[in-house]
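Visitor: I would like to learn how to read a few packing features in a model. Could you walk me through them?

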Amino acid sequence: MKEHRFAVILAGLIFCLILLGGVVHNTGSSLACPDWPTCYGSLMPEMKGGVAIEHSHRLAAASVGLLTIVLSALLYKKRKNLQALGFFAVFLVIFQGVLGGVTVLLRLPTAVSTAHLATSFIFLAVILYIAWKTETPRPATRTTGAGWVKAAAVLVYAQSVLGAFMRHTGAGLVCPEIPFCYGSLWPAHMPPIVLLHMAHRWMGVVAALAVLPLPFIVRGGDGRVRFLSNVAPLLVLIQVGLGLASVWTQLGIVSVTAHLGMAALLWSVLISLVFLTNRAGVVRLPFQSREVLA
């Protein structure tokens with residue numbers, strides 16, 4: 001099915017785009033192009049240094065936007081039940097582009113930069129949903145633990161957004177110790193930026209505790225469900241290790257970028273599990289008036 005393969009490829013490209021966005025921030029290239037949508041007044045500036053990194057991110061984002069429009073057109077022609085979702089994906093990618101432009105024009109405001117990451121995760125989830133919905137139909141199988149999976153996905157999303165907020169406020173190294181911060185597990189006497197850092201650490205613990213027991217909670221389903229529920233705990237353990245490495249390496253580019261990538265990968269696995277373990281066999285989308293089979 002053309003639209004299924006297209007959605008799978010697009011989801012992979014969005015994942016790569018999220019990684020590239022992390023490289024832009026982690027290399028300090030976010031304002032290498034001080035104007036938008038052009039870069040120094042050109043649609044194709046000299047690709048050197050930070051300009052090459054930042055403008056590559058813009059070009060990749062533009063490509064993802066065009067491919068999203070193509071996917072929406074395919075859904076409009078061949079998948080009537082997914083037309084609204086295709087239009088929503090186009091809205092999200094346009095909104096994401098506007099957020100990227102505002103981020104540059106307003107010189108990296110924390111709220112907008114955080115919203116940029118938050119929207120990218122939602123956009124990735126929408127495209128993943130389209131990919132699952134357009135695959136070859138399989139017999140419906142019920143599973144247990146769907147509610148737990150949804151809660152784990154919400155926690156991982158919240159943790160990812162909190163991590164973006166912490167990163168954009170410059171709080172990544174305000175606590176140089178692990179697991180303590182200035183000798184305390186919760187230094188209430190310290191400034192808010194320190195508490196923000198520790199909140200991210202503790203939210204990470206909560207999210208990890210929600211993901212780790214998935215193999216024992218999720219029962220039933222096909223091989224995909226079993227595989228994803230088993231791989232999710234491994235990913236969360238790697239993610240914790242990358243978080244520790246980010247502090248130990250003083251926010252090294254490799255460790256911090258991998259930390260972001262692992263968050264996106266874990267989110268992808270959990271959101272896929274949400275779709276596959278939906279208890280009732282249906283998913284109701286906020287902009288749809290009727291139910292569609294999960």
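Guide: Gladly. Let us start with the polar contact: a pair of N or O atoms within 3.5 Å, where within protein one must be able to donate a hydrogen and the other to accept it, and residues adjacent in sequence count only if both atoms are side-chain atoms. Here, a polar atom of the Thr103 side chain lies 2.7 Å from the backbone oxygen of Leu99. This is a predicted model, in which local features need pLDDT of at least 70, side-chain atom pairs count only at pLDDT 80 or more, and totals for chains, interfaces and linings use all residues. Residues are numbered from 1 along each chain as its sequence is written, and side-chain values use heavy atoms, with hydrogens and water left out.

Visitor: Is Thr103 buried or exposed?

Guide: Buried means under 20% relative accessible area, exposed over 50%, and partly exposed in between (1.4 Å probe, protein chains only). Thr103 has a relative accessible area of 10%, so it is buried. Thr103 sits in helix H3; helices are DSSP runs of H or I with at least four residues, numbered from the N terminus. Leaving aside residues up to four places away in sequence, Thr103 touches Leu108, Pro109, Val112 and Ser113, contact meaning heavy atoms within 4.5 Å.

Visitor: How do I read two packed helices?

Guide: Two packed helices are described by the angle between their axes and the distance between the axes. Axes are lines fitted to C-alpha atoms, for helices over the stretch in contact, and angles run from 0 to 180 degrees between N-to-C directions. Helix H2 (residues 49-78) and helix H3 (residues 83-105) pack at about 165°, with axes 8 Å apart. H2 is therefore roughly antiparallel to H3, the word used for angles over 145 degrees. Among the residues making this contact are Val64 and Ile69 of H2 and Val90 and Val93 of H3.

Visitor: What classes do the residues of the contact of H2 with H3 divide into?

Guide: They divide into 9 nonpolar, 5 polar and 2 charged. Ala, Val, Leu, Ile, Met, Phe, Trp, Tyr, Cys and Pro count as nonpolar, Asp, Glu, Lys and Arg as charged, and the others, Gly among them, as polar.

Visitor: At what angle do the axes of H1 and H9 cross?

Guide: The axes of H1 (residues 2-26) and H9 (residues 253-276) cross at roughly 150° and come within 9 Å. H1 is thus roughly antiparallel to H9. Phe15 and Leu19 of H1 and Leu260 and Ala264 of H9 are among the residues in contact, and by class this contact has 9 nonpolar, 4 polar and no charged residues.

Note on methods
Helices (H or I, at least four residues) and strands (E, at least two) are DSSP runs, numbered from the N terminus. Angles under 35 degrees count as roughly parallel, over 145 as roughly antiparallel, 65 to 115 as roughly perpendicular and the rest as oblique.
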